[in-house]
Amino acid sequence: MAKLIYSGLLSVDGYIADRDGNFDWAEPDAEVHSFVNDLMRPAGTHLLGRRMYEVMAAWEHPEDFGEIAGLPAHIRDFADLWKAVDKVVFSRTLQDVTTARTRIEREFSADAVGRLKADASRDLAVGGAELAAAAIRAGLVDEFQMCLSPVTVGGGKRFLPDDVRLRLELLEERRFGNGTVFLRYANRTG
């Protein structure tokens with residue numbers, strides 16, 4: 001069975017976006033970005049909430065960032081990885097998708113996601129705090145991957161929901177030159 005993995009770039013105090021919705025303070029440098037690309041490589045499907053999808057959809061056309069040949073290798077690699085995965089967007093309001101290999105599901109169903117995990121030959125990634133919270137509450141998230149940026153933001157959108165208790169096992173840790181720390185945990189709850 002494939003794993004469902006929740007990853008994010010977050011502040012030391014646990015936020016993926018500050019009170020104004022900004023997350024530019026977590027922008028990875030080339031070293032961290034390349035590492036994140038390698039984390040993303042095994043995933044065959046990304047489960048996304050609408051807002052996360054709308055942010056990530058820009059990666060479908062990296063040429064909008066500038067001349068392709070002039071973009072750093074880690075940026076081109078990330079765009080290629082994004083385009084290669086299947087994407088399922090959970091949204092009641094999104095009318096249409098702008099990316100290839102993408103479909104919309106109107107409701108989150110723990111049973112349907114469980115079947116996706118059981119049938120998948122490659123791992124699944126979940127993106128978006130609200131969608132991830134639903135998957136966490138349903139006991140579907142197998143692994144947490146966190147890149148902690150050396151900053152606190154004092155409030156905003158939390159990486160983990162407040163109303164769950166998890167028992168985690170540290171599987172991996174890594175420090176980067178810019179002060180970012182990567183932590184990978186297995187979910188050993190229940």
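**A walk through the sheet and its cores**

You're looking at a predicted model, where local features need pLDDT of at least 70, side-chain atom pairs count only at pLDDT 80 or more, and totals for chains, interfaces and linings use all residues. Residues are numbered from 1 along each chain as its sequence is written, and side-chain values use heavy atoms, with hydrogens and water left out.

Now show all of strand E3 (residues 43-49) alongside E6: the two run parallel, paired over 5 bridges. (Strands are DSSP E runs of at least two residues and helices H or I runs of at least four, numbered from the N terminus; two strands pair if DSSP finds at least two bridges between them.)

Zoom out to the open sheet, whose 8 strands go E5-E4-E3-E6-E1-E7-E10-E9 with mixed pairing. Pick out strand E5 (102-105) and strand E9 (168-175) at the edges: each has a single partner strand, so one side of each has no neighbour in the sheet.

Next, colour Leu4, Tyr6, Leu47, Val126, Val141, Phe144 and Phe159, the residues with the most contacts inside the largest nonpolar core, which has 24 residues. (Such a core is a set of buried Ala, Val, Leu, Ile, Met, Phe, Trp, Tyr and Cys residues joined through side-chain atoms within 4.5 Å; buried means under 20% relative accessible area with a 1.4 Å probe, protein chains only.) Elements giving it two or more residues include strand E1 (4-11) and helix H5 (129-137), and H5 gives the most, with 5 residues.

Click Tyr6: beyond its neighbours within four places in sequence, its contacts (heavy atoms within 4.5 Å) include Val126, Ala132, Phe144 and Phe159.

Conventions:
Buried means under 20% relative accessible area, exposed over 50%, partly exposed in between (1.4 Å probe, protein chains only).
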